[in-house]
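Hello,

Here is the structure you asked about. Please have a look at the model first; my notes follow below it.

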Amino acid sequence: MNMKIILIFSHFILLEAKLQHVNVTGVLLCHSQRVMNIFIELWEYDRFDANDLLNTTRTNDQGEFQLTGGQNEFFSIEPYIEVWHECGTKAGCIRATKYHIPNSFIDKHYDTSLISLDTFTSDERNMCGADIPKKYRGLLTTKA
Ligand SMILES: *[C@@H]1O[C@H](CO)[C@@H](O)[C@H](O)[C@H]1NC(C)=O
Ligand SMILES: *[C@@H]1O[C@H](CO)[C@@H](O)[C@H](O)[C@H]1NC(C)=O
């Protein structure tokens, strides 16, 4: 290996070590009411590998949440939150709704303000009964 290659290689390692943080807050609403105890995950979309779970939380009794997480990535991270809830579903079903965190909010505070879970987005899943992954079945407050 000549010196030039070694220099390029070490530069690459320095870039790779860039830690990127997300800090996202908001209030979850269903039928215009604040909803408590809603489970939320903070994920990072990984184009080469399985997505990384960065953190989880639940809304407080005011429907508020705050999530922080960080990841070392060479490229800009693509974080999103996934909310597991029963707003607008049939009994025994659960919706997993994604909200992407814009790139411009990485390393800053992203206040989503009020999120109305009644709204259906193009980036969500509706699961019922056995289709709900085991780890999320305990979140259901209704039975099929
Ligand atoms: C997850 O969130 C908690 C509470 O905000 C924080 O203390 C902790 O550092 C976070 N974990 C990671 C891996 O960022
Ligand atoms: C997230 O941002 C809020 C609002 O600026 C701030 O109060 C809170 O301390 C921040 N949390 C972290 C872990 O940076």
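This is a predicted model: local features need pLDDT of at least 70, side-chain atom pairs count only at pLDDT 80 or more, and totals for chains, interfaces and linings use all residues. Residues are numbered from 1 along each chain as its sequence is written, while chains are lettered from A and ligands numbered from 1 in the order in which they are written.

**Overall fold**

The protein has two helices and nine strands. Both kinds of element are DSSP runs numbered from the N terminus: helices are H or I with at least four residues, strands are E with at least two. Along the sequence the pattern reads α-β-β-β-β-β-β-β-β-β-α. Of the 144 residues, 17% count as buried. Buried means 20 or more other C-beta atoms within 10 Å of a residue's own; exposed means 12 or fewer; partly exposed is in between; the C-beta atoms are placed from the backbone. Contacts are pairs of residues whose C-beta atoms, placed from the backbone, lie within 7 Å. Among contacts with a separation of 6 or more, 67% join residues 24 or more positions apart.

**The sheet**

Five strands form an open antiparallel sheet, in the order β4-β3-β6-β7-β9. Strands count as paired if DSSP finds at least two bridges between them. β4 (52–58) and β9 are the edges: each has a single partner strand, so one side of each has no neighbour in the sheet. Direction ignored, neighbouring strands are turned by 20° against each other on average. The axes behind that angle are lines fitted to C-alpha atoms, for helices over the stretch in contact, and angles run from 0 to 180 degrees between N-to-C directions.

With β6 (residues 78–85) it pairs antiparallel over six bridges. There, E82 has K98 in β7 as its bridge partner. With β9 (residues 124–128), β7 pairs antiparallel over five bridges. T97 has E124 in β9 as its bridge partner, and C93 stands opposite C128 in β9.

**The core**

The largest nonpolar core has 17 residues. Such a core is a set of buried Ala, Val, Leu, Ile, Met, Phe, Trp, Tyr and Cys residues joined through C-beta atoms within 7 Å. V24, L28, I38, I40, L67, I81 and V83 have the most contacts inside it. The elements giving two or more residues to this core are β1 (19–30), β3, β5 and β6. Take V24: leaving aside neighbours within four places in sequence, V24 contacts L67, I81, I101, Y110 and T112.

**Ligand 1**

Which residues are around ligand 1? They are N55, T68, G69 and G70. A residue is near a molecule or strand if its C-beta atom, placed from the backbone, lies within 6 Å of it. β5 (residues 64–72) gives the most to this shell, with three residues. The shell has four polar residues, no nonpolar and no charged. Here Ala, Val, Leu, Ile, Met, Phe, Trp, Tyr, Cys and Pro are nonpolar, Asp, Glu, Lys and Arg are charged, and the others, Gly among them, are polar.

**Two loop residues to check**

N37 is not a glycine, yet its phi is positive, near 60°. N37 sits in the loop between β2 (33–34) and β3 (39–45). N37 is exposed, with 11 other C-beta atoms within 10 Å.

D107, also not a glycine, has a positive phi of about 70°. D107 lies in the loop between β7 (93–100) and β8 (109–116). D107 counts as exposed, with 12 C-beta neighbours inside 10 Å.

Best wishes

Terms used: Contact = placed C-beta atoms within 7 Å.
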